[in-house]
Amino acid sequence: MDNFSKNIKSMFDSICGRYDFMNHLLSGGLDIYWRKNIVKYSLLNYAKIFSDCDAGKRLKIADIASGTGDVIKEVISFINKNGGLIKNKQIDIFCADFSLPMVKIAKRKLDEIILHKKGRIRINYVICDAQNSCFKDSSIDMVFIAFGIRNFSNIDKFLSGELKRIMNKRRSMAAILEFNNIFNYRIFAFFQIYYNYFIALLAKIFSKNITAYKYLVDSIKRLASDEEILKMFTDSGFKIFNYGKIFPFIVTRYIAIINNS
């Protein structure tokens with residue numbers, strides 16, 4: 001783990017107790033909708049593209065840079081409501097993050113959801129750095145990353161290296177949800193003001209770690225443009241299957257498969 005990642009890990013360790021509350025507060029609850037959106041689109045697309053692949057095998061889903069497990073919560077909810085969508089496969093879900101305090105919160109949250117359900121979903125909890133993970137080569141069928149790639153020291157290297165390494169080369173999909181860098185567009189002037197001033201104010205009132213939320217804004221400002229990230233995907237050997245900005249158009253959904261054509 002490089003020094004950049006170590007600093008990010010330390011920051012997330014320090015804010016884990018207020019993490020969910022602050023996410024919902026700062027986004028006005030929209031973060032819940034954004035996660036539902038990418039889970040819905042990715043699972044529907046996966047079922048459409050890979051419906052006949054390895055029907056008898058367990059489906060392996062990894063949510064890396066998982067934080068407190070809210071994406072997995074939406075995955076479980078969607079699968080339970082749409083049971084036949086992925087041919088009633090048995091499912092292994094990996095909740096992976098480099099912050100042990102975050103994963104502990106995720107475990108408490110997710111264990112409550114599946115405690116009384118003897119269903120087909122099994123959750124595994126993994127402590128590892130997303131940029132140098134412990135997953136085996138070509139072992140994961142679906143990878144989710146929600147609001148995580150801007151915290152990676154080298155997005156391009158991650159896409160072409162680690163992400164591609166762990167994805168099943170025959171039938172896999174990556175679903176990435178991230179803020180887009182709005183600071184070069186006047187049309188987003190309101191959100192620029194909100195990011196630059198109100199996030200700091202809300203963090204000062206409701207959080208003990210103002211520095212962490214200053215980092216949030218700075219990480220968005222440093223983030224590559226959508227066009228640059230799309231090019232990183234294609235240059236790394238991926239095919240973008242579904243791309244779009246999600247209301248109010250300050251976050252972006254990238255759903256990609258390995259281009260084997």
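A: Buried here means under 20% relative accessible area, exposed over 50%, and partly exposed in between, with a 1.4 Å probe and protein chains only. This is a predicted model, in which local features need pLDDT of at least 70 and side-chain atom pairs count only at pLDDT 80 or more, while totals for chains, interfaces and linings use all residues. Residues are numbered from 1 along each chain as its sequence is written, and side-chain values use heavy atoms, with hydrogens and water left out.
Q: OK, so is D70 buried or exposed?
A: D70 counts as buried because its relative accessible area is 11%. The residue belongs to helix 4, residues 70-81, where helices (H or I, at least four residues) and strands (E, at least two) are DSSP runs numbered from the N terminus.
Q: And what does D70 touch?
A: Leaving aside residues up to four places away in sequence, D70 touches D20, H24, R35 and K109, contact meaning heavy atoms within 4.5 Å. With K109, the side chain of D70 makes a polar contact of 2.6 Å, that is, a pair of N or O atoms within 3.5 Å, where within protein one must be able to donate a hydrogen and the other to accept it, and residues adjacent in sequence count only if both atoms are side-chain atoms.
Q: Which residues of helix 5 are buried?
A: They are M102, V103, I105, A106, K109 and L110. Seen down the axis of helix 5, these buried residues fall within an arc of 155 degrees, so they line one face of the helix; the arc is that of the directions from the helix axis to the C-beta atoms. On the other side of helix 5, R108 and E112 are exposed.
Q: What do the buried residues of helix 5 pack against?
A: They pack against helix 1 (3-15), helix 2 (19-27), helix 4, strand 2 (91-97) and strand 3 (121-127).
Q: Switching to the sheet, in what order do the strands come?
A: The order is 3-2-1-4-5-7-6, with 7 strands forming an open sheet of mixed pairing; two strands pair if DSSP finds at least two bridges between them. Strand 3 and strand 6 (238-246) are the edge strands, each pairing on one side only.
Q: How many bridges join strand 5 and strand 7?
A: Strand 5 (residues 173-179) and strand 7 (residues 251-258) pair over 7 bridges in the antiparallel sense, and A175 has I255 in strand 7 as its bridge partner.
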